Amino acid sequence: MIVTIKRVHMPRLLVYSGIVACALLALVGVAWLANASWWSSYEAKTTILAHRGLHQTYTREHLESDTCTANRIHLPEHGYLENTLDSMAAAFELGADVVELDIHPTTDGQFAVFHDWTIDCRTNGKGVTRKQSMAYLKTLDIGYGYSADGGATYPFRGKFVGAMPTLDEVFERFPDKRFLINIKSRDPEEGRQLAKRLKQLPTEHQARLMSYGGDEPENTLSSEMPNMKTMGKKRLMECMTRYVAYGWIGIVPQACHNTLILIPENYATLLWGWPNRFVERMHLAGSEVYLRGPYGSKSHFPAGIDTVEQLKAVPKSFAGGIWTDRIDLVATHRRMMSTD
């Protein structure tokens, strides 16, 4: 048996390998140049979003979706509580451009501005929030459950009776301000009910509102009000995964259009063109970008940009938004940094 051994021409193989390597290197170079942030001409100022207004912060260790955060607050530095009219006013006065608030429908056809699925944690009442009338919710003390020392003292008891606002009261108090509305349920009917209310507002007022929450109500709200920026978790994930896959060629996936894009700071550099090239692309697609705290740190619920160290890591020229739970700290230091 005769075996024929085919000889490999090594110089030719090396030439082919070199050509492939150069082509790949050129492709990487083109991708890098096409996504370099210094190409961006977008110079909008940084937008600051105050999550729940000016409010009491709390420890986030081992935080779950049903954790009562009112009884784990830090030692109070001020007298404001989340989702109240005064906390929103204070946030705007401190420099917030947008205030985030939470809503639940009530049995008497209104929307209560309140975070928790039940009223047990923060108030002196019991039960699921959306199963109550607004008339009843107005009788509650929403500062009842707050404690910074494990229940030894309750510094806000008796000071916030009747302070849970309706969404209508928010609109009446702040007709010219921007809000991000968080729908807490997964009920599609809630999106339809909210759309019905928002359509009663003047067009210029509607333009200052955004919404995020459960996929089902957000999809309904989007279909009812296609010009409104809305976001559900499924849509955000679709937007981000597709953009990471092929955004390097400058294409913005349809899921990223006319929406709200929340970016944990520890994932931001994975996005093609981060920061301002990415922000510009999303802006041209009708969307707004907000940078949040790291995902997976202490809990699976990202916090905001809440420390001076985090704020210093955000470029001064950043043209997107900053999501914060510490509007009292962030707005002041951001102004100081911009003048340095």
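Is aspartate 97 buried, partly exposed or exposed? I looked this up in the predicted model and found a relative accessibility of 24%, so aspartate 97 counts as partly exposed.

**Entry 1: salt bridges**

I counted 19 salt bridges in the structure. In one of them, aspartate 97 pairs with lysine 45, and the closest N and O atoms are 3.1 Å apart. I noted that this pair links distant parts of the chain, 52 residues apart. Aspartate 97 sits in the loop between helix H2 (85-94) and strand S2 (98-105), whereas lysine 45 sits in the loop between helix H1 (10-34) and strand S1 (47-51). Lysine 45 counts as exposed because its relative accessibility is 57%.

I next looked up glutamate 190, whose side chain meets that of arginine 130 in a salt bridge (2.9 Å, N to O). This pair also links distant parts of the chain, 60 residues apart: glutamate 190 is in helix H5 (residues 188-198), and arginine 130 is in the loop between strand S3 (111-113) and helix H3 (134-137). Glutamate 190 has a relative accessible area of 2%, so I recorded it as buried.

Because arginine 192 lies in helix H5 and glutamate 224 in helix H7, the pair ties together parts that are 32 residues apart in sequence. Arginine 192 is partly exposed at 38% relative accessibility, and glutamate 224 is partly exposed with a relative accessible area of 30%. I also found one network, in which salt bridges that share partners join Arg52, Glu82, Asp116 and Arg122.

**Entry 2: cavities**

I searched the whole structure and found two cavities of 30 Å³ or more.

**Entry 3: strand S7**

I found strand S7 (residues 260-264) mostly covered, with five of its five residues buried. Leu260, Leu262 and Pro264 point one way, and Ile261 and Ile263 the other way. In a regular strand, side chains alternate between the two faces of the sheet. Five bridges join S7 to strand S8 (residues 288-292), and the two run parallel. The chain crosses from S7 to S8 through helix H9 (residues 276-284), in a right-handed β-α-β crossover.

Methods. Residues are numbered from 1 along each chain as its sequence is written. This is a predicted model: local features need pLDDT of at least 70, side-chain atom pairs count only at pLDDT 80 or more; totals for chains, interfaces and linings use all residues. Side-chain values use heavy atoms; hydrogens and water are left out. Buried means under 20% relative accessible area, exposed over 50%, partly exposed in between (1.4 Å probe, protein chains only). Helices (H or I, at least four residues) and strands (E, at least two) are DSSP runs, numbered from the N terminus. Two strands pair if DSSP finds at least two bridges between them. A crossover is right-handed if, with the strands pointing away from the viewer, the path from the first strand over the helix to the second runs clockwise. On a 1 Å grid over the protein atoms alone, a cavity is a set of points where a 1.4 Å probe fits but cannot get out, and a pocket is an open set with protein on both sides within 12 Å along at least five of seven lines; lining residues have an atom within 4 Å of a point. Grid points are joined across faces, edges and corners, and a volume is the space filled by probe spheres set on the points. A salt bridge is a side-chain nitrogen of Lys or Arg within 4 Å of a carboxyl oxygen of Asp or Glu.
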